[in-house]
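Dear colleague,

I am handing over the structure shown just below, and after it you will find an account of what turned up when I went through it. Please read the notes with the structure open beside them.

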Amino acid sequence: MISLFVLFTLCACNNKVNKEETEKIAFHTIMHKQFDEDMTLAIIYTDSIKKNTSKIENNFKEAKKYFKKLEPILSTLDVENYGFLNQPNILKVEEEDFTDIKIKSPSGYQVLEEEIFADKIDTTTIKKHVNLITSRLKLIQKNINFDHLKQYHFLWMFRKAIARVALTGITGFDSPVLENSLEESKIVYQSLHQYLSIFENEFNDTSLFEAWNKEIETTLRNLQGDFNKFDRYYFIKNHTHKQLSLWNQTVTDWNVKFPFELALKNDATSLFSSNTFNVNYFADQNQKEISSDKIALGKKLFYDTNLSSNKKISCATCHRPEKAFTDGLKTSNGVTRNSPTLLYAALQQAFFYDKRAGGLEGQIINVVENENEFHTDLKTLEKAVIENQEYVKEFLNVYPNRKINNNDIRNAMASYIRSLTPFNSKFDRNINGLENTLSLNEINGYNLFNGKAKCATCHFAPLFNGTVPPDYKESEIELIGVPEYNDSINAIISKDLGRYLVYKTPERKHFFKTPTVRNSEITGPYMHNGVYKSLKEVMDFYNRGGGAGIGIDQEYQTLPPDSLNLTEQEINDVIAFMKSLTEDLSNY
């Protein structure tokens with residue numbers, strides 16, 4: 001509730017300030033004050049880690065608690081510094097071009113957790129990370145600004161925190177050793193509860209405010225128990241989605257107008273729906289709205305063999321809808337890698353296994369000019385389209401008042417690919433409450449996928465690819481040690497150097513983009529080289545600890561090298577869950 005003392009003081013200073021402006025200032029003041037108090041405690045407890053080694057573990061947990069209290073606001077107002085403080089313990093490589101490559105050692109709370117709870121601790125290293133973290137926290141405290149915040153900023157912040165808990169918080173993503181994710185998620189919700197109380201007077205419908213209080217209190221009671229036994233399916237279905245509904249009701253109650261959309265649509269009520277994502281967020285900033293006519297035109301181009309030099313190859317040659325837009329081959333004809341699915345390709349930030357293309361339109365250039373694929377050029381592509389009178393009419397309708405050009409051709413094809421986000425699998429229908437047909441094994445498989453099996457620390461729900469929620473600004477690449485042959489006794493790593501071939505950065509050898517596991521039942525064989533024929537073989541590889549578990553020693557392997565110790569039944573359950581992600585593609 002807005003403090004009466006704060007309101008009285010502000011009004012006394014300037015009796016010309018109207019009530020709306022006064023409450024706006026108070027909202028900033030109260031939020032900033034609370035943030036500042038939590039930040040001070042985060043700094044104190046973090047700094048105490050290096051000063052009192054007898055209480056090092058307890059002080060870390062207290063420091064992390066206050067960091068989690070800060071998380072909803074910090075991750076919204078200062079994304080870059082939040083990312084530094086919460087990054088995984090993996091070498092960071094930034095490659096802008098051949099002249100601007102930065103190699104950065106990780107730091108932050110995840111790194112500190114691994115150091116403190118290691119079998120043998122290195123106090124010098126711990127002290128180094130503590131100093132880096134406290135310096136960054138002090139910098140944030142000094143420079144963070146709340147003055148520009150409006151109601152819609154707060155609502156975006158609130159929803160972002162809800163999504164983060166569901167998609168990374170309860171998966172163990174940022175508590176890699178302690179697996180203290182449930183307790184830390186409770187702290188986030190307690191923080192949200194505290195900040196929401198500031199806005200009590202904004203609610204026209206007081207019952208809506210009470211509904212929020214009741215829902216958060218119920219959520220806090222649910223976030224407890226053993227990490228590996230926690231029912232994440234139930235949590236999202238019965239809490240996250242309910243909160244998204246309450247959030248939309250709050251938007252209406254407050255009469256908030258958003259200036260634009262982020263990755264999640266402003267009216268999304270589910271994390272697993274065709275209405276969840278704003279596809280344009282992932283496209284070039286000059287991307288025009290996608291229309292049904294543009295998609296239909298792109299689909300014709302996608303299936304047209306006349307666009308290739310030999311008139312025999314189309315996009316659909318390697319991306320067949322009945323194979324979930326793959327081709328079922330170990331490696332596609334004429335190329336050295338397995339054909340990736342195009343489903344949900346639009347909801348990522350880079351393309352090809354090595355991320356060499358930054359957009360769908362750019363990716364199409366690579367295909368057109370590749371001598372093993374279309375083996376042509378953009379001018380010839382234009383000519384082939386212009387010579388087709390049916391295309392001429394359709395382009396005039398979709399792209400009026402201009403000549404056919406390769407930019408529009410590629411945009412039409414990309415628009416069709418952007419439409420390939422069905423979200424109509426058995427799992428989607430169940431978690432959205434449209435049916436109740438999931439087996440206990442499938443539900444258990446989802447919970448294992450997001451828990452003990454650690455799949456979701458790289459394959460993030462709901463896309464189950466490497467595009468990191470809730471900001472969706474980065475599509476991750478990983479080194480998991482994929483072998484050249486399906487041989488776990490005399491294993492050697494795949495000869496394909498992956499991302500290294502783009503910029504020749506040694507620290508990026510054998511790195512590949514994390515693909516989606518949606519529709520994996522019908523997209524085999526698996527891995528960039530198609531080395532595994534079945535999901536059982538894939539799960540065995542991960543259960544052993546990836547490449548490290550079969551004798552492939554790679555310094556920069558991003559996959560934890562330890563065995564997951566999954567039982568045969570648990571492996572079968574994870575596979576059952578993945579099969580529940582198979583979708584109806586008859587409309588494509």
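I begin with Asp 231, which caps the N-terminal end of helix H10 by placing a side-chain oxygen 3.3 Å from the backbone nitrogen of Tyr 233. Please bear in mind throughout that this is a predicted model. Helix H10 itself runs over residues 232-254, and its 23 residues reach 31 Å from the first C-alpha to the last, which is close to the 33 Å expected at 1.5 Å a residue. Just after H10 comes Asn 255, which takes a positive phi of about 60 degrees.

The next element to look at is helix H15, which covers residues 389-398 and in which Tyr 391, Glu 394, Phe 395 and Val 398 are buried. When one looks down the axis of H15, these buried residues fall within an arc of 100 degrees, so they line one face of the helix. In general, an α-helix has 3.6 residues a turn, so residues three or four places apart point the same way. On the other side of H15, Gln 389, Lys 393, Leu 396 and Asn 397 are exposed. The cover over the buried residues of H15 includes helix H11 (292-302), helix H14 (378-386) and helix H16 (406-418). At the start of H15, Asn 388 brings a side-chain oxygen to within 3.0 Å of the backbone nitrogen of Glu 390.

I also looked at the second largest pocket, whose volume is about 410 Å³. Its lining is made up of 18 residues, and those that lie nearest its centre are Thr 76, Trp 156, Lys 160, Leu 262 and Asp 471. Helix H3 (56-77) and helix H7 (151-167) are the elements that give two or more residues to this lining, and the largest share, 6 residues, comes from H7.

Finally, there is Ser 75, which is found in helix H3. Is Ser 75 buried or exposed? Its relative accessibility is 1%, and because buried means under 20%, Ser 75 counts as buried. The side chain of Ser 75 reaches the backbone oxygen of Glu 71 at 2.7 Å, and, if its neighbours within four places in sequence are left aside, Ser 75 is in contact with Tyr 82, Lys 160 and Arg 164. Of these contacts, Lys 160 was already named above, as one of the residues that lie nearest the centre of the second largest pocket.

With best wishes

Definitions and conventions:
Residues numbered from 1 in each chain as written. Predicted model: local features only at pLDDT ≥ 70, side-chain atom pairs only at ≥ 80, totals over all residues. Heavy atoms only, no water. Helix = DSSP H or I, 4+ residues; strand = E, 2+ residues; numbered from the N terminus. Expected span 1.5 Å × (residues − 1). Polar contact = N/O pair within 3.5 Å; in protein donor to acceptor, adjacent residues only side chain to side chain. Buried < 20%, exposed > 50% of the residue type's maximum accessible area, 1.4 Å probe, protein only. Arc of directions from axis to C-beta. Contact = heavy atoms within 4.5 Å. 1 Å grid on protein atoms, 1.4 Å probe; cavity = no way out; pocket = protein on both sides within 12 Å on 5 of 7 lines; lining within 4 Å. Points joined across faces, edges and corners; volume = space filled by probe spheres on them.
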